[in-house]
Amino acid sequence: MPTGSPPEQIKPNSLDDYLEVMSKAVFQSGMSWKVVEAKWPGTRDAFHNFDVQKVAALDDKDIDELTQDTRVIRNYRKLNAIVFNAQRMISLDDEYKGFKNYLRSQDDFDAMLNTIRKDFKFMGPTGIYYFLYVVGEQVPPHAEFEATYRK
């Protein structure tokens, strides 16, 4: 994401869309946005276009193979987090009768941030802000977020 310009927002049509945006936030944690963007087409391909069911079904052997795949950022913990997050997303989608209902189950941004941090791996405040913004959920103005959460 270029500095100073907000990322493009989407209207998620399925859990796959949510998983792709969340996965980008996971990979961007501690990485250059340019590196993540450059690897994204290969990452999308390696993760079956973020088909949530296919990603959730990946096992340890599959993750080990991804750590050797030059199309992706080969960080085992992040690759494992993507699979875990896909599984968690499916269960929350079932529990809340829709993932959007899960995202709107909290009273405010701070509560949602804490809930997502608890429910998903490799999702810190900046990644959560990015994720919620891109999928069209309510977030505070960026300057306010920075002042509150980037201390």
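**Rings, core and a buried threonine**

Guide: Tyr102 is buried, with a relative accessible area of 1%, where buried means under 20%, exposed over 50% and partly exposed in between (1.4 Å probe, protein chains only). This is a predicted model, in which local features need pLDDT of at least 70, side-chain atom pairs count only at pLDDT 80 or more, and totals for chains, interfaces and linings use all residues. Residues are numbered from 1 along each chain as its sequence is written, and side-chain values use heavy atoms, leaving out hydrogens and water.

Visitor: Is Tyr96 buried, partly exposed or exposed?
Guide: The value to look at is its relative accessibility, 28%. Because that falls between the two cut-offs of 20% and 50%, Tyr96 counts as partly exposed.

Visitor: How do the rings of Tyr96 and Tyr102 pair?
Guide: Rings of Phe, Tyr and Trp (its six-membered ring) pair if their centres lie within 6.5 Å, with planes under 30 degrees apart stacked, over 60 edge-to-face and the rest tilted. Here the centres are 5.4 Å apart and the planes make 70°, so the pair is edge-to-face.

Visitor: Is Thr43 buried or exposed?
Guide: Thr43 lies in helix α2, residues 33-46. Contact means heavy atoms within 4.5 Å, and beyond its neighbours within four places in sequence Thr43 is in contact with Phe27, Phe50, Arg71 and Val72. At 2% relative accessibility, Thr43 counts as buried.

Note on methods: Helix = DSSP H or I, 4+ residues; strand = E, 2+ residues; numbered from the N terminus.
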